[in-house]
Amino acid sequence: MASKAQNGAGSEATFRAREKARDADHVGFLKHKRFRYLWVALTLCGLLTVGYLTIEQEPRPNGGSWYGYTLGTIGLGLIVWLSLLGVRKRRPTPGHWNLKGWTSAHVYLGLSLIVIGTLHTGFQFGWNVHTLAYALMMVVILSGMYGVWAYATFPSKLSGTRGEMTRAQMVEALEAIDRQLDSAAQPLERSESDVVIAALSQDIFFGGAWGRLTGTYPGCATKAALAAIDRAPTSEATDKVHALLTRRSDQLAQIRRYLRIKALIEIWLFIHIPATIALLAALLAHVVSVFYYW
Ligand code: HEM
């Protein structure tokens, strides 16, 4: 028994250590190898900007000039490479060229596209597939910037929300309250026990993506049950159920805060990935149309 408890404590400690390491990893990639890829990106942007400014051509080079083609080719190559992070993430390999290095390069070289892509346009924008590709690229980049900010900001809030509890423990605590509520509701009047049963049978993850993101659950049956028990004539049984419903409501609030922060950490990928796919499609159309009208 003791060894079981020790094992439990041990695996809990391991879980926490892993979570801590993962949280640190969420931003560790920014400083990877002393900002190596930041310097690579800055050098690349610097060289390409100097090239753009020193080329003797009037008007200034745009996408259709030889310099524009060079910038376009570098940009396209970078975008295809950046898109491959999705594949790489799913096939991680430890060692020299690891995921942390990839993510670091991804972020800084991704940001360098703001300079490379903008110089490639020659500051010429319009209602066409070329500008669409540029706009999609900026959507991907902006969502990525949000992602880096979210990774840096939210994981510590996540640990704060949970206190010492893991997600499974929070759900277990709710289930323990529910068991007590189930028996405490037995002596209640039919109409009162019905609202308690409705609260107990509502899926704790109800509310959908919107509820999760905003933390608003207007159809919460626990809240409705609390209000109904409040209105009911006071007795020992209603007092007990009221106290338990209040505990349930607090426990639910904790789980919902946790779910909200998790959603805020993950939401940007629902923009970053589809916009990447749209960007690759727009780039294909952009390149085909450029060569078609050549
Ligand atoms: C056009 C440029 C970019 C493209 C095409 C692109 C594409 C992608 C793709 C396909 C993924 C993999 C997502 C997945 O499968 O989970 C990804 C992940 C990511 N991107 Fe980008 N990205 C670009 C720019 C950026 C920028 C500028 C930043 C930050 C400033 C950024 C930050 C991230 C981060 C933090 C991840 C997640 C890494 C992880 O969870 O391990 N991306 N990106």
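## A tour of helices α3 and α12

Start by selecting Leu76, Ile79 and Ser83 in α3, which meet Thr276, Leu279, Leu280 and Leu283 in α12; two residues are in contact if their C-beta atoms, placed from the backbone, lie within 7 Å. By class, this contact of α3 with α12 has 5 nonpolar, 2 polar and no charged residues. Ala, Val, Leu, Ile, Met, Phe, Trp, Tyr, Cys and Pro count as nonpolar, Asp, Glu, Lys and Arg as charged, and the others, Gly among them, as polar.

Two notes before you go on. You are looking at a predicted model, where local features need pLDDT of at least 70, side-chain atom pairs count only at pLDDT 80 or more, and totals for chains, interfaces and linings use all residues. Residue numbers begin at 1 along each chain as its sequence is written.

Next, show residues 66-83 (α3) and residues 269-292 (α12) as whole helices: they pack at an angle of about 150°, with axes 11 Å apart. Axes are lines fitted to C-alpha atoms, for helices over the stretch in contact, and angles run from 0 to 180 degrees between N-to-C directions.

Now stay with α12 and select its buried residues: Ala275, Thr276, Leu279, Ala282, Leu283 and His286. Buried means that 20 or more other C-beta atoms, placed from the backbone, lie within 10 Å of the residue's own.

Finally, zoom out to the chain, with its 12 helices and 0 strands. Helices (H or I, at least four residues) and strands (E, at least two) are DSSP runs, numbered from the N terminus. Of the chain's 294 residues, 25% count as buried.

Note on methods:
A residue is buried if 20 or more other C-beta atoms lie within 10 Å of its own, exposed if 12 or fewer, and partly exposed in between; C-beta atoms are placed from the backbone.
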